[in-house]
Amino acid sequence: MSSISSHKLMTWIWTVITVAVCCMRVPLLGLYNLPRAFRRHPKWTYRQAMGVELLRIWFAYASSVKFRFPTSLESGKEGERFVVIQPSTRDIYRALPNIPESNVKPQPLGGTWYPRLYNPSEDATQQVILHFHGGGYVLSSPRDSECRPAGLALCKSMDALSFFPQYRLATTPDGRFPAAFQDALTVYAYLIDLGVRSFNIVLSGDSAGGHLVVALLRYLSDNHGLLGDPRAALLWSPC
């Protein structure tokens, strides 16, 4: 049996097991989360508490079966807000660690603007939030289906535009280290080349995205003057 067929069989078996377990587990979680004192955070609403529980189940399942999120460079329903970025022509990748057995190189990547596309002629002084989504480097994407609520919330709370890059995930053939970090450098340089001044850029990241922000800050600090320092950084449970 080929490795592909074997993986499909195991995925099918694990899916059946997960569905069966969820049929018993979800109702019990629903009852358990009725009292506020038993929720993961007592200030959460019942909907928030159950949303987190369901999200944990989904992440555990997707990680187990090595679910691959689509990374198409087609605009989709995001329309003009989704842009494709080419690797930077600047000499910004030189200080990345040299891994002899790795042939991972900077590649084109996509990204989504919220709530609208950046206009260089009108938004020269506009603050831009560069947000890296979470997902343990194996899950999620910056598309509307995944990040629209977060993107709009960041824009509203900080009176800014936000950009969510589609960095490579470890579940893709070309996504091994340092692919995600190469993409982080590429998108930061993209904003600079677009006309956004570094002091108008606020880095933001949740979970694995927060880890990526910390790595980017360290790289910019160690290579001072390479692209300019951002205005601030927002770290949401970095790991």
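## A buried pair of rings

Tyr 114 and Phe 164 are both buried in this predicted model. Their ring centres lie 5.2 Å apart and their planes meet at 80°, so the two rings are edge-to-face. This pair links distant parts of the chain, since Tyr 114 belongs to strand E2 (residues 109-114) and Phe 164 to strand E4 (residues 161-165), 50 residues apart.

Tyr 137 and Tyr 167 make another edge-to-face pair, with 6.2 Å from centre to centre and 65° between the planes. Here, too, distant parts of the chain are linked: Tyr 137 sits in the loop between strand E3 (128-132) and helix H3 (144-158), while Tyr 167 sits in the loop between E4 and helix H4 (179-194), 30 residues apart. Tyr 167 counts as buried, because its relative accessibility is 2%, under the 20% limit.

The structure has eight aromatic pairs in total. Ring pairs also join Trp 113, Tyr 118, Phe 163 and Tyr 190 into a cluster.

## Nonpolar cores

Which residues touch the most other members of the largest nonpolar core? They are Trp 113, Leu 130, Phe 132 and Tyr 188, in a core of 35 residues. Strands E1 (82-85), E2, E3, E4 and E5 (201-206) each supply at least two of its residues, as do helices H4 and H5 (208-222). H4 gives the most, with 10 residues.

Apart from this core lies another, of eight residues, including Cys 155, Ala 160, Phe 164 and Val 202.

Definitions and conventions: Residues numbered from 1 in each chain as written. Predicted model: local features only at pLDDT ≥ 70, side-chain atom pairs only at ≥ 80, totals over all residues. Heavy atoms only, no water. Phe/Tyr/Trp six-rings, centres within 6.5 Å; stacked < 30°, edge-to-face > 60°. Helix = DSSP H or I, 4+ residues; strand = E, 2+ residues; numbered from the N terminus. Buried < 20%, exposed > 50% of the residue type's maximum accessible area, 1.4 Å probe, protein only. Core = buried A, V, L, I, M, F, W, Y, C linked by side-chain atoms within 4.5 Å.
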